[in-house]
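User: I have just opened this one and would like to go through it. Could you put it on screen?

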Amino acid sequence: MAASQSPRKGGILDDIEGWLDNRDANVEPIDAAASQASGGPDARSWLDRSLVAKTAGGGIAGLAGNVAGVGRGAWHSVEGLGRGALFLSRLVDPYDPITSGPGDSARDQLLNAGKSVFDYAKNGIANPASVVADVKNAARKLYVDTDPRATPMANTFGGEMARNFNVGSNQGELGWDVGTSLLGSGLAPKALRLLDVAGEAGGSARFVGQGFTPAKADYLALPYKGMGHHLVPRNAWKPIRLPQPLSDSSFNVLKPPGMSRGDFYELHYAVDPRFYTARLPRAVGGGVWNGKTLTLPRYGPVSRVLYGSPAPLKAAVGAAGASGAAADAFNGDR
Amino acid sequence: MITIRRYAEFGCDFPDDTIWDAEETSIVQTGGKNLAESIAELTTRFGCVINELEDNLEHCWECRFSYEGLELGFHVYHAEPCILIVDQPLGFKRHFPLYCHVLMELNQAMRRDGRFHDLEWHTYDGTREGKEAYEVPVVGDIPEIDEIKQKPSFLKRLFGARKARPEIE
């Protein structure tokens with residue numbers, strides 16, 4: 001009996017291998033079920049063994065997952081809309097190509113995204129089988145993510161509830177996405193999510209072009225090592241001044257990693273109305289970097305907050321409002 | 001109607017006093033301390049009291065001072081050209097004549113001092129300065145200091161002592 005089931009057990013495992021790789025559904029290992037099938041003692045509780053109880057519990061968890069999934073989808077859409085709005089504001093901002101490094105401007109990103117789509121279409125025409133395989137894989141993933149029948153029942157009552165909650169939340173999010181896409185509001189953020197930030201900061205040639213000597217341009221092209229831009233200024237009016245540890249924390253300091261001095265000064269000038277100049281060391285000839293002399297633009301109040309907020313702060317604000325957090329916490333605890 | 005221009009650009013003969021770290025990659029003390037101290041000293045000549053001089057690292061030097069009880073402040077950037085921004089006072093409109101006097105006195109003091117030159121004033125909305133340059137920071141009918149001092153505040157007028165009633169014998 002056991003010998004005849006071994007190939008079948010292996011077949012099931014092979015079938016769900018990809019699913020197990022990608023998901024953390026807390027499904028108990030099938031080995032236990034196999035050992036029970038092979039005649040070993042079943043140490044599970046009545047609840048874990050009961051097919052009826054697990055089906056009922058799974059159904060309730062699936063419904064709860066639907067609700068959480070809709071919330072998660074709504075949040076993702078809000079997040080996407082925020083990013084999309086930010087992207088669109090950069091796209092129409094005439095100064096964006098000036099303040100962004102080569103290849104970093106919204107227009108360049110849009111062109112790159114268009115190029116990627118074009119390349120994919122070109123490859124698809126040359127090799128139609130790859131497109132068919134991609135579509136099959138996507139359909140398979142959708143099936144596993146949203147249909148409880150695509151994966152085996154969990155070995156325990158808790159595991160089965162978690163599995164159904166996951167599938168239910170995926171269904172809820174899918175429902176939200178389809179609904180909002182039909183209404184036209186969800187489509188833009190989804191499309192904008194596809195856009196990747198690309199391109200490296202320009203070298204010293206750009207700063208030579210701004211009128212700096214080669215030595216100063218080289219200095220400006222080196223990575224920025226200063227204190228960064230403080231969203232709430234360090235010397236703010238005392239009643240609203242932050243305690244120093246918080247003021248200098250990553251939640252208040254904008255200091256994008258890997259950014260050159262010159263690029264950071266331009267960003268700092270754009271987002272901080274109190275930042276005008278930066279001294280250059282005597283070793284490169286002294287003098288100052290002056291945003292006004294370079295006729296750089298400054299952002300308005302809204303863009304200042306959008307572009308001047310450090311990433312950890314944005315993430316924290318986003319997480320606090322995430323309506324899908326409860327679902328994730330539920331899954332994480334189990 | 002009073003027009004105020006509180007952003008100034010000027011040249012100066014002060015040496016760069018920026019303090020760098022050993023590798024000259026980070027600034028330990030912002031340049032312009034000598035400049036800020038000199039402007040602060042100018043304000044004391046017409047009656048201001050300096051409360052605090054602070055390094056806003058990698059930005060500018062800030063000075064908080066008071067004039068006839070009115071709390072004010074300025075930011076100064078040692079650059080090419082140097083920049084001076086005099087903060088607007090918080091509070092009631094009656095403070096504005098005092099503020100105007102500070103700007104006018106500071107303008108005159110800087111013009112008299114040979115260390116400053118090419119001084120010009122611009123309007124400033126808190127984030128951007130106007131393009132037009134002016135020789136004077138304030139235009140309009142500004143009451144004299146004594147007149148301002150004599151005028152009771154709104155609260156004093158509201159809760160101040162009433163005329164004594166004649167006593168009835």
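**Salt bridges, cores and the contact between chains**

User: What does R274(A) count as?
Analyst: R274(A) is partly exposed, at 23% relative accessibility. Buried means under 20% relative accessible area, exposed over 50%, and partly exposed in between (1.4 Å probe, protein chains only).

User: What should I know before reading on?
Analyst: This is a predicted model, where local features need pLDDT of at least 70, side-chain atom pairs count only at pLDDT 80 or more, totals for chains, interfaces and linings use all residues, and side-chain values use heavy atoms, with hydrogens and water left out. Residues are numbered from 1 along each chain as its sequence is written, while chains are lettered from A and ligands numbered from 1 in the order in which they are written.

User: Which side chain meets R274(A) in a salt bridge?
Analyst: That of D87(B), at 3.5 Å, N to O. A salt bridge here is a side-chain nitrogen of Lys or Arg within 4 Å of a carboxyl oxygen of Asp or Glu. D87(B) is buried, with a relative accessible area of 18%.

User: Where do E160(A) and R163(A) lie?
Analyst: Both are in helix α8 (residues 157-183) of chain A, three residues apart, about one turn of the helix. Helices (H or I, at least four residues) and strands (E, at least two) are DSSP runs, numbered from the N terminus. The side chains of E160(A) and R163(A) form a salt bridge at 3.0 Å, N to O. E160(A) and R163(A) are both buried.

User: What about a salt bridge with E62(B)?
Analyst: The side chains of E62(B) and R64(B) meet in one, 3.1 Å, N to O. E62(B) is buried at 5% relative accessibility, and R64(B) is partly exposed at 23%. In chain A, salt bridges that share partners join R206(A), D263(A) and E266(A) into one network.

User: Changing topic. How many residues does the contact take from chain B and from chain A?
Analyst: 33 residues from chain B and 32 residues from chain A, where contact means heavy atoms within 4.5 Å.

User: And how much do they bury between them?
Analyst: About 2800 Å², with 41% of it on carbon and sulfur atoms. Buried area is the accessible area (1.4 Å probe) that two parts lose on being put together, summed over both. On the chain B side, E24(B), E58(B) and H59(B) lose the most area to chain A, together 20% of what that side buries.

User: Where does L57(B) lie?
Analyst: In the loop between β5 (49-56) and β6 of chain B. L57(B) counts as buried because its relative accessibility is 18%. Neighbours within four places in sequence aside, L57(B) is in contact with M227(A), R234(A), I27(B), V28(B), Q29(B) and T30(B). L57(B) and T30(B) are 27 residues apart in sequence but 5.5 Å apart in space, C-alpha to C-alpha.

User: What does the secondary structure of chain B come to?
Analyst: Four helices and 10 strands. Of the 169 residues of chain B, 50% are buried. Chain A has 16 helices and four strands, and 38% of its 334 residues are buried.

User: How many residues does the largest nonpolar core have?
Analyst: It has 37 residues, and those with the most contacts inside it are F10(B), L35(B), I39(B), F74(B), V76(B), L84(B) and F116(B). A nonpolar core is a set of buried Ala, Val, Leu, Ile, Met, Phe, Trp, Tyr and Cys residues joined through side-chain atoms within 4.5 Å. Its largest share, eight residues, comes from α2(B). Apart from this core lies another, of 26 residues, among them A217(A), Y224(A), F264(A) and Y265(A).

User: Which residues are buried in helix α11 of chain A?
Analyst: In α11 (residues 214-221), K216(A), A217(A), Y219(A) and L220(A) are buried. They lie on the same side of α11(A), because they cover an arc of only 160 degrees around the axis; the arc is that of the directions from the helix axis to the C-beta atoms. What covers the buried residues of α11(A) includes α10 (204-209), α13 (261-271) and β4 (288-290) of chain A, together with β3 (19-20) of chain B.
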